[in-house]
Amino acid sequence: MDLRTGANRSDNEPPADFAAAVESLRRARLRPEITVEQTPAPKRMAPFAFALTADVADEAATGRLVLLHDPDGHEAWHGEFRLVTYVRAALEPDIAADPLITSVGWAWLTDALGGQGAHYTAPSGTVTRVSSESFGGMAGEAPTAEIELRASWTPLDRDMTPHILAWGEVLTTAAGLLPLPAGVVPIPSQRGATRR
């Protein structure tokens with residue numbers, strides 16, 4: 001498989017650092033409730049990119065993780081790599097009404113990165129809550145609410161395992177799954193394995 005996505009580079013092989021980072025993403029084992037698949041990566045954000053999508057527990061939460069790499073470095077990233085994520089999950093309307101829910105959504109990410117020992121810099125992003133209430137002919141439908149996290153950060157590790165494990169933790173937290181007890185390792189399943 002050709003992992004190269006940039007049309008502006010003349011070499012056909014991805015750099016070794018990028019290939020190793022991609023392999024660490026593929027090797028990572030997330031909780032069995034998470035189904036992960038490779039998806040086409042964006043073509044214009046960086047010379048090299050790799051992307052994954054995930055669904056948690058029958059789509060209680062969904063997400064996307066993109067690894068970007070520019071061997072020449074990128075001033076805005078403060079490095080050669082950048083991880084970009086999008087996570088979306090349903091919320092109970094009363095939880096969505098809490099004015100602190102967006103701060104809580106951001107803490108899901110920063111706490112997960114810290115808890116997994118991921119080294120990073122230059123985090124940025126937004127957390128959005130969306131509430132919908134129906135009227136008129138649709139007035140009988142129940143209110144709905146969602147939270148969306150869009151974030152990016154620059155990993156300081158070449159091994160992306162702590163970063164993808166943190167992403168998995170954000171997904172399961174957003175889906176409302178209880179955290180695994182300390183010392184418990186999830187048993188990989190075909191559903192939870194990263195597919196190539």
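I looked up glutamate 33 and found that at 25% relative accessibility it counts as partly exposed; buried means under 20% relative accessible area, exposed over 50%, and partly exposed in between, with a 1.4 Å probe and protein chains only. The model is predicted: local features need pLDDT of at least 70, side-chain atom pairs count only at pLDDT 80 or more, and totals for chains, interfaces and linings use all residues. Residues are numbered from 1 along each chain as its sequence is written, and side-chain values use heavy atoms, with hydrogens and water left out.

I then searched the whole structure for salt bridges (a side-chain nitrogen of Lys or Arg within 4 Å of a carboxyl oxygen of Asp or Glu) and found 5. Glutamate 33 pairs with arginine 31, their closest N and O atoms lying 3.2 Å apart. Arginine 31 is buried, at 13% relative accessible area.

I next examined glutamate 80, which forms a salt bridge with arginine 158 at 3.7 Å between the closest N and O atoms. This pair links distant parts of the chain, 78 residues apart: glutamate 80 is in strand β4 and arginine 158 in the loop between β6 and α4. Strands (E, at least two residues) and helices (H or I, at least four) are DSSP runs, numbered from the N terminus. Asp17 joins Glu80 and Arg158 in a network of salt bridges.

Finally, I inspected serine 152 in strand β6, residues 144-155. Serine 152 is buried, with a relative accessible area of 13%.
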